[in-house]
Amino acid sequence: MAMEQPIGAVVEGWQGARAPSGEVLTGRWVRLEPLSPERHAAQFHDAVVGHPHLWTYMPWGPFSSTAAFQRALTQLAENPAYSYYAICDVATGRPLGKAAYMNILPDHGVVEVGGIAYAPALQKTAGATEAMILMMRWAFAAGFRRYEWKCNALNAPSRRAAQRLGFSFEGVFRNHMVVKGRSRDSAWFAVTDADWPALSEAFEFWLSPQNFDAEGRQKESLSNLTRLVRVASDPTQAD
């Protein structure tokens, strides 16, 4: 109590988090490297061309040409508010996805993962999940206390992915944005530093080679491992 008013707990020794600065994040299946339109645009566009549904909930796209795609990636890569990564296949080096740290607030220990787009070749693979785990792991190692995921409330696959990854549902912000001339309600999810130790353990088990058979199929689902970590579940999504 201060002046007979409730206040939050003291964060002992708080000095802020470390902002992302282009670290390369390497896993078993994927490598995340700073997005370079010159290096990544052509191959990434080849991987997503013909799949306009990938851009339905994005503020940009679909793209009519590689040149238009490269221009869009250049705007993203040059925006200092974001830290964008290309998600590359370890075996081939080909870029098959992108994702970013955004709404980066080191003084408060808050960062959001967003701008996620996966080519069909990356979707529903172990590498797709590993990419998100690598980004979350780095954020908490850098001292962030809160890791956010926000999406269009109508984007059921994104809401499902957030829950599978152990994000706790926090509600829907009505009339949150206008995207491509349409109203967007946003579903909010987060993982906090209190959740992270148990979630990290679940990730380590899921990623371990013994959790995959000879054909690369998972034995234990990630949803089963993260279910007990979540503080709140999305009412629109079943595990």
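Author: Start with L25. Its bridge partner is L32, which sits in strand 2. This is a predicted model, so read each value as computed. L25 belongs to strand 1, which covers 25-26. Strand 2 covers 30-34. The two strands run antiparallel, and 2 bridges join them. They form a hairpin, with 3 residues between them.

Look for E33. Its bridge partner in strand 3 is A86. So which strands does the whole sheet hold, and in what order? There are 8 strands, in the order 1-2-3-4-5-6-8-7. The sheet is open, and its pairing is mixed. Which strands stand at the edges? They are strand 1 and strand 7. Each has a single partner strand, so one side of each is left without a neighbour in the sheet.

Go to the other end of the order. Strand 6 pairs with strand 8 in the antiparallel sense, over 7 bridges. Y147 has V191 in strand 8 as its bridge partner. As you trace a strand, keep one rule in mind. In a regular strand, side chains alternate between the two faces of the sheet.

Helix 1, residues 37-48, lies across strand 2, strand 3, strand 4 and strand 5. Its angle to strand 4 is about 115°. Follow the chain on from helix 1. The loop between helix 1 and helix 2 holds P62. The peptide bond from G61 to P62 is cis, with omega near 0°. Back in the sheet, stop at N103, in strand 4. N103 is not a glycine, yet its phi is positive, near 45°.

Next, look at charges. Side chains of opposite charge can pair when their charged atoms come close. The whole structure has 11 salt bridges. One of them joins E112 and K150, with the closest N and O atoms 2.9 Å apart. E112 is in strand 5 and K150 is in strand 6. They are 38 residues apart, so this pair links distant parts of the chain.

The largest pocket has a volume of about 1,400 Å³. 42 residues line it, and I116, W149, N155, P157 and S158 are the closest to its centre. Several strands give two or more residues to this lining, including strand 4, strand 6 and strand 7. Helix 3 and helix 4 do too. Strand 5 gives the most, with 7 residues. What is the lining made of, by class? It has 23 nonpolar, 13 polar and 6 charged residues.

The second largest pocket holds about 170 Å³ of space. Among the residues that line it are T56, Y57, N152 and R184. Strand 8, residues 182-192, gives the largest share here, 3 residues. This lining divides into 3 nonpolar, 3 polar and 3 charged residues.

Strand 1 and strand 2 make a hairpin at one end of the order. Strand 8 pairs with strand 6, and strand 8 gives the largest share of the second largest pocket's lining.

Note on methods: Residues are numbered from 1 along each chain as its sequence is written. This is a predicted model: local features need pLDDT of at least 70, side-chain atom pairs count only at pLDDT 80 or more; totals for chains, interfaces and linings use all residues. Side-chain values use heavy atoms; hydrogens and water are left out. On a 1 Å grid over the protein atoms alone, a cavity is a set of points where a 1.4 Å probe fits but cannot get out, and a pocket is an open set with protein on both sides within 12 Å along at least five of seven lines; lining residues have an atom within 4 Å of a point. Grid points are joined across faces, edges and corners, and a volume is the space filled by probe spheres set on the points. Helices (H or I, at least four residues) and strands (E, at least two) are DSSP runs, numbered from the N terminus. Ala, Val, Leu, Ile, Met, Phe, Trp, Tyr, Cys and Pro count as nonpolar, Asp, Glu, Lys and Arg as charged, and the others, Gly among them, as polar. Two strands pair if DSSP finds at least two bridges between them. Contact means heavy atoms within 4.5 Å. Axes are lines fitted to C-alpha atoms, for helices over the stretch in contact, and angles run from 0 to 180 degrees between N-to-C directions. A salt bridge is a side-chain nitrogen of Lys or Arg within 4 Å of a carboxyl oxygen of Asp or Glu.
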